[in-house]
Amino acid sequence: MPGKRLISKLAICLAIVAGFAIAGCAKSEGERRKPFARFRPAPGDNRSKEELKSAVGWVDEKAHAAGRSIIPREEMLAFANQVRVTRKPAKPSPHKDILVISGGGVYGAYPAGVLYGWTQAGTRPTFDVVTGISTGALVAVFAFLGSSVDAELKQAYTTITDDDVFRKHRIPRALLSSSLADNAPLVGLLKRYATDSLIQQVAIEHEKGRRLYVGTTDLDVRRGVFWDMGEIATRNTQESRDLFRKVLLASAAIPGFFPPVPIEVTVNGRRHVERHIDGGVSSSMFFAPPWVPPEERETLPLTWLHGSNLYILVAGKMYPDPMPVKSRSLAIAGNAVSTILFDQTRNDLSKLFLLSIVTGMNYNMSVIPKDLPAPVESTSFNPAEMTVLFEAGAEWARNHGRWRDSPPGGEPGEGGRFRGGTILTDNGNRSVIGGEEMMIPAVIPQK
């Protein structure tokens, strides 16, 4: 995912191998001559997928129920709606539609499918603002331009392979360069889809007041940067078109796996070169408000977004599927980073839910169904697997699927997990973590 912008396990290889090299230098000559001891299975190594799936439902019922405030989903949503009602302006502002798309590598096929099916359902709006991160950046461009580029959207997320995206370096070169893979194929892919004509279409829509934003991460400054892609497109120069594609390339530059993308900037007349990487490093998704004419900004009421729709398309599942992890440093590190990114996505979704309450916007979220088979690796571009995700999203939208209106933890089976011992009960849950209610250590304000 949710993320997902899952960082490839290979990307962590650099740091670990470097650590091994440093440790090796510190050993004596006699120690270096010793052969490696045979790897022995560690406790828990033999856990099967079936056991892991059932382990989701293992719970210490007494500890799980103790010491926490329990907020049923209905109460949480009722409170959120009450806040929205109290902030409703006497004179409503024009309705807006904002779309936010997360990163997630190959899982971007799901939000791409949702957009495709949404068009077929005849209910897809013309978005006032679209934001995207990583793979969501490319989907965002298609989403911004609407149904006229649906064919290209489907092709991009159902036919490409690894060879269309990257070429892995051989080990010696990979360890001595800035990345484990060459992104030249991805550069060519972006030229194929982000054509001069497409960029010009973005410029035309920008002039109408609509906005398209893409997120990257400044590697050295270590902060997120959000690019106004329409403003870049309106410059209508070869340099601006190259920058447009560079930003898309940088937003998907998985750190360590792909090289950073150099982008020149001028500060007070001085030239500098920034290095940008995957936007998902600093944020899994982000919100940007609609454009307002300068002459209207001073008189704009605080509740001007009340009643507008915030749509969120998550390129991933709400919770990762359980999977056996080998007792190897790369496997453990890769799985740990993946877990962190899932959690970051859930946190960002919760922030957007809070934003929707404060502003009075309607919160609408779509995520890959928990029971849908999904690829294990977000950087493995398998057309067959991506087509399954794409069609699932399209089918959901064609059949007017129910938009989720609650944040992570707000649906049955998504509560917290607490233990006081090792004697557990299997509650039969086989899908996601937790109990039957949202558990929050907070007091609900009086209605």
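## Elements and confidence

Helices, taken as runs of at least four residues, and strands, taken as runs of at least two, are DSSP assignments numbered from the N terminus. In these terms Met361 sits in the loop between α15 (329–359) and β12 (362–366). The model is predicted, and the mean pLDDT of the protein chain is 83, with 82% of its residues reaching 70 or more. Over residues 2–37 the pLDDT is below 50, although this stretch has 77 contacts in the model beyond near neighbours in sequence. Residues 433–447 also have a pLDDT below 50, and there the model shows 47 contacts beyond near neighbours in sequence. Where pLDDT is low, the predicted coordinates should not be read in detail.

Met361 is buried, because its relative accessible area of 0% falls under the 20% limit. Leaving aside residues up to four places away in sequence, Met361 touches Arg84, Ile98, Phe287, Leu305, Gly307, Ser308, Leu310, Leu355 and Ser356. The C-alpha atoms of Met361 and Asp97 are separated by 9.5 Å, although these residues are 264 residues apart along the chain.

Asn309 belongs to strand β11 (residues 309–313) and is likewise buried, with a relative accessible area of 14%. Its side chain makes polar contacts with the side chain of His95, at 3.5 Å, and with that of Tyr311, at 3.2 Å. Not counting residues up to four places away in sequence, Asn309 touches His95, Lys96, Asp97, Ile98, Asn362 and Asn364.

Just after α7, Gly146 adopts a positive phi of about 85 degrees.

Helix α13 (residues 238–251) has 14 residues, which at 1.5 Å a residue should span 20 Å, and the distance of 20 Å between its end C-alpha atoms agrees with this. Ten of the 14 residues of α13 are buried, so this helix too is largely enclosed by the rest of the structure. The buried residues of α13 include Arg241, Leu243, Phe244 and Arg245.

## Salt bridges

Side chains of opposite charge can pair when their charged atoms come close. A search of the whole structure finds 16 salt bridges. One of them joins Asp196 to Arg245, with the closest N and O atoms 2.5 Å apart. Asp196 lies in helix α11 (residues 196–207) and Arg245 in helix α13, so the pair ties together parts that are 49 residues apart in sequence. Asp196 is partly exposed at 38% relative accessible area, whereas Arg245 counts as buried at 12%. A network of salt bridges links Asp196, Arg241, Asp242 and Arg245.

Glu205 forms a salt bridge with Arg210, the closest N and O atoms being 2.8 Å apart, and both of these residues are buried. In the salt bridge between Glu395 and Arg398, the closest N and O atoms are 3.0 Å apart. Glu395 and Arg398 are three residues apart in helix α16 (residues 383–398), which means that about one helical turn separates them. Glu395 is partly exposed, with a relative accessible area of 38%, and Arg398 is partly exposed, with one of 27%.

## The β7–β8 hairpin

Strands β7 (residues 211–218) and β8 (residues 223–228) run antiparallel and are joined by six bridges. Gly215 has Phe226 in β8 as its bridge partner. The two strands form a hairpin with four residues between them, and Arg222 in the turn has a positive phi of about 60 degrees.

Terms used
Residues are numbered from 1 along each chain as its sequence is written. This is a predicted model: local features need pLDDT of at least 70, side-chain atom pairs count only at pLDDT 80 or more; totals for chains, interfaces and linings use all residues. Side-chain values use heavy atoms; hydrogens and water are left out. Buried means under 20% relative accessible area, exposed over 50%, partly exposed in between (1.4 Å probe, protein chains only). A polar contact is a pair of N or O atoms within 3.5 Å; within protein, one must be able to donate a hydrogen and the other to accept it, and residues adjacent in sequence count only if both atoms are side-chain atoms. Contact means heavy atoms within 4.5 Å. The expected span of a helix is 1.5 Å times one less than its number of residues. pLDDT is the predictor's confidence in each residue, from 0 to 100. Two strands pair if DSSP finds at least two bridges between them. A salt bridge is a side-chain nitrogen of Lys or Arg within 4 Å of a carboxyl oxygen of Asp or Glu.
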